[in-house]
Amino acid sequence: MLGDKDGPCGQKKVKVLGISCSPRREDEGHGLSRSEYLLEKLMKYSRDFGGQTEIIRLSDKKIKICEGCYSDSKGGLACVFPCIHQDDTNLVLQAIIDCDALVFSTPIYWGGVSSSFRILVEKMTALENNAKDIFRAIGKEPLEGKIFALLASEDSEGASMALPQVAWAFNHMGMIIVPYGMIFEPALLQRTIVKLGLRLIGIRKFEWIENSIRLAARNLVLLPKQLSGYQFDDYKIDEPRA
């Protein structure tokens with residue numbers, strides 16, 4: 001659900017788009033996934049700091065796997081925006097263009113992000129590859145200078161491998177990870193009995209997770225205003241694409 005469109009004195013609110021990359025659907029009786037639970041928490045903090053929030057669940061969308069059009073360089077690159085797929089790809093990509101800040105939540109499987117998240121990262125190549133054309137058409141960069149955060153729930157280890165890999169890809173698309181913007185929580189910590197037990201024996205180590213979520217939300221809402229108008233690429237050199 002979207003928050004209010006405008007803040008005090010008509011000032012435009014920062015749009016924070018959350019993308020839940022869990023395959024689990026609440027309406028199928030699974031309950032809220034652990035990674036989306038973290039996302040909901042960050043969205044609440046974002047609204048507390050004055051942001052306008054929206055959540056897209058990839059489990060509700062039909063997004064085909066990327067066909068690797070970027071690799072077809074015969075007669076010029078074939079990777080285009082809008083994407084060639086007539087599914088929900090362009091709906092999600094347009095929402096990414098329209099927002100001011102992004103946060104992705106994902107479970108961790110075998111040291112990697114969910115398959116739907118991986119597919120979305122590959123589909124975002126259509127935005128990065130056609131950034132100049134998009135800018136000329138709408139006067140707004142699709143990805144460059146866009147800030148983001150990453151949230152993950154893990155049953156064992158793996159987030160420390162998976163999240164930096166995605167952050168690396170987004171950095172090369174021109175995006176900026178916010179301070180405190182790479183957060184993972186062991187699944188056990190979402191169990192009430194575990195939390196109570198840790199408090200009883202005086203272990204407070206994991207309280208950093210809650211505060212990091214709050215700080216990431218704060219930075220996602222406040223930083224776009226500080227970066228507004230800054231040109232990250234002077235476009236003096238065209239990057240070879242073929």
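Which residues have the most contacts inside the largest nonpolar core? Here are my notes on that and a few related points.

1. Ground rules. This is a predicted model, where local features need pLDDT of at least 70, side-chain atom pairs count only at pLDDT 80 or more, and totals for chains, interfaces and linings use all residues. Numbering runs from 1 along each chain as its sequence is written, and side-chain values use heavy atoms, with hydrogens and water left out.

2. The main core. The residues asked about are Ile-19, Ile-96, Phe-104, Met-124 and Phe-170, in a largest core of 36 residues. A nonpolar core here is a set of buried Ala, Val, Leu, Ile, Met, Phe, Trp, Tyr and Cys residues joined through side-chain atoms within 4.5 Å; buried means under 20% relative accessible area, exposed over 50%, and partly exposed in between (1.4 Å probe, protein chains only). The elements giving two or more residues to this core include strand 1 (15-20), helix 2 (89-98), strand 3 (101-107) and helix 6 (159-172). Helix 6 gives the most, with seven residues. Helices (H or I, at least four residues) and strands (E, at least two) are DSSP runs, numbered from the N terminus.

3. Leaving out residues up to four places away in sequence, Ile-96 touches Leu-17, Ile-19, Leu-102, Leu-120, Met-124, Leu-127, Pro-142, Leu-143 and Lys-146, a contact being heavy atoms within 4.5 Å.

4. Aromatic pairs. The whole structure has six; rings of Phe, Tyr and Trp (its six-membered ring) pair if their centres lie within 6.5 Å, with planes under 30 degrees apart counted as stacked, over 60 as edge-to-face and the rest as tilted. Phe-148 and Phe-170 are edge-to-face, because their centres are 5.1 Å apart and their planes at 85 degrees. Phe-148 sits in strand 4 and Phe-170 in helix 6, 22 residues apart, and both are buried. Ring pairs also join these two with Phe-104 and Phe-117 in a cluster.

5. A pair with partly exposed rings. Phe-184 and Trp-208 are edge-to-face too, with centres 6.2 Å apart and planes at 75 degrees. Phe-184 counts as partly exposed at 27% relative accessibility, as does Trp-208 at 35%.

6. Cysteines. There are zero disulfides in the whole structure, a disulfide being a pair of cysteine sulfur atoms within 2.5 Å. For Cys-83, the nearest cysteine sulfur is that of Cys-69, 6.7 Å away. Cys-83 is buried at 11% relative accessible area.
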